[in-house]
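Hello,

Here is the structure for your files.

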Amino acid sequence: MSTKPYVDLTRAQWSALRERTPLPLTADEVERLRGLGDVIDLDEVRDIYLPLSRLLNLYVGATHGLRDALNTFLGGAQRGTPFVIGVAGSVAVGKSTVSRLLQALLARWPEHPRVELVTTDGFLLPKAELEQRGLMSRKGFPESYDRRALTRFVADVKSGKEGVAAPVYSHLTYDIVPGERLTVHRPDILIVEGLNVLQPALPGKDGRTRMAVSDCFDFSVYVDARTDDIERWYLSRFRKLRQTAFQDPRSYFHTYTGVSEEEALDYARNTWRTINRPNLEQNIAPTRGRATLQLHKSPDHKVERLSLRKL
Ligand SMILES: Nc1ncnc2c1ncn2[C@@H]1O[C@H](COP(=O)(O)OP(=O)(O)O)[C@@H](O)[C@H]1O
Ligand SMILES: CC(C)(COP(=O)(O)O)[C@@H](O)C(=O)NCCC(=O)O
């Protein structure tokens, strides 16, 4: 028997595990959930994400069983708390598509219809503060977030608090939206998506260990791919955004619509090499082994292998 903490599965082995789980989404719905540049079709949903939604449904059920055990022990009926799923991985690896698909698929199960999704970008420090602290070239690194507020948010949701609010980030303005809030109302499941959600806690100033966001996770997914492939996806997405979202004069990147494609791509390449790749290598990839499930993507975005943590 392997001594690794993971069971490795090929795509074919994994897809056979969906059993009779019906496909609840249409091609149009999948198209709407797809991120810019991501390749995802009904085959991918059926082979990869349906088995995952079945596994998660089993995990949620098992957690309810544990809750019953706890209530027996406590001799009272504690109200349940949301089942929290973390989704981690590099910039441009396709976390948003995975998270939106999971949200849509999990909400179709009658046992847990209310599934909310929160991205950690809402907890980035506002642009003015990043500038003031000299952190604009560290955007996405752990220190560019208000980690305390993020941890408090997830801990509050996980403890069953009603009406927990998160700030909201705009990719258009590249900044936090002043005054805007997203409020989570005791969902059955909360998905927390972000680069750094599997980071271990940093010691506080007093040297004592703090809580990490991942301490609240009931399950976590790491979306994995080769660094060169992710760079290619990042650049090709930048090229597409230049023709779409950047055209809006309010876009932070609007100036890149007025220069040559080569010049715009040089900027994107530089951002990848100086910010996103070092962040992947130094902070994000080292957390892969903390995930419950690793999805390994091939150069065409399709999941080719999976690693599932043993229990
Ligand atoms: N500059 C941008 N302008 C508009 N949308 C963007 C920009 N950068 C990224 N996005 C979109 O924001 C979402 C999150 O992107 P990202 O954080 O790189 O994670 P991932 O690609 O892993 O989902 C994606 O849907 C992406 O298409
Ligand atoms: C907003 C992000 C930090 C991702 O945030 P997340 O939701 O993963 O916390 C990232 O998409 C980003 O903007 N990175 C900065 C470098 C760049 O422009 O690609």
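Which backbone N or O atom lies 2.8 Å from an oxygen atom of ligand 1? One that belongs to Lys 95.

First, the ground rules. This is a predicted model, where local features need pLDDT of at least 70, side-chain atom pairs count only at pLDDT 80 or more, and totals for chains, interfaces and linings use all residues. Residues are numbered from 1 along each chain as its sequence is written, chains are lettered from A and ligands numbered from 1 in the order in which they are written, and side-chain values use heavy atoms, with hydrogens and water left out.

**Ligand site**

A polar backbone atom of Gly 94 sits 2.9 Å from a ligand 1 oxygen. For Ser 96, a side-chain N or O atom is 2.4 Å from an oxygen of ligand 1. The protein buries 80% of the 550 Å² that ligand 1 exposes when taken alone (Shrake-Rupley, 1.4 Å probe).

The shell has 13 residues (a heavy atom within 4 Å). Ala 92, Gly 94, Lys 95, Ser 96 and Arg 237 come nearest. Seven shell residues are nonpolar, four polar and two charged (Gly counts as polar).

**Helix pair**

H7 also packs on helix H8 (residues 261–284). The angle is about 140 degrees, and the axes are 10 Å apart (lines fitted to C-alpha atoms over the stretch in contact; angles run from 0 to 180 degrees between N-to-C directions).

Regards

Methods. Polar contact = N/O pair within 3.5 Å; in protein donor to acceptor, adjacent residues only side chain to side chain. Helix = DSSP H or I, 4+ residues; strand = E, 2+ residues; numbered from the N terminus.
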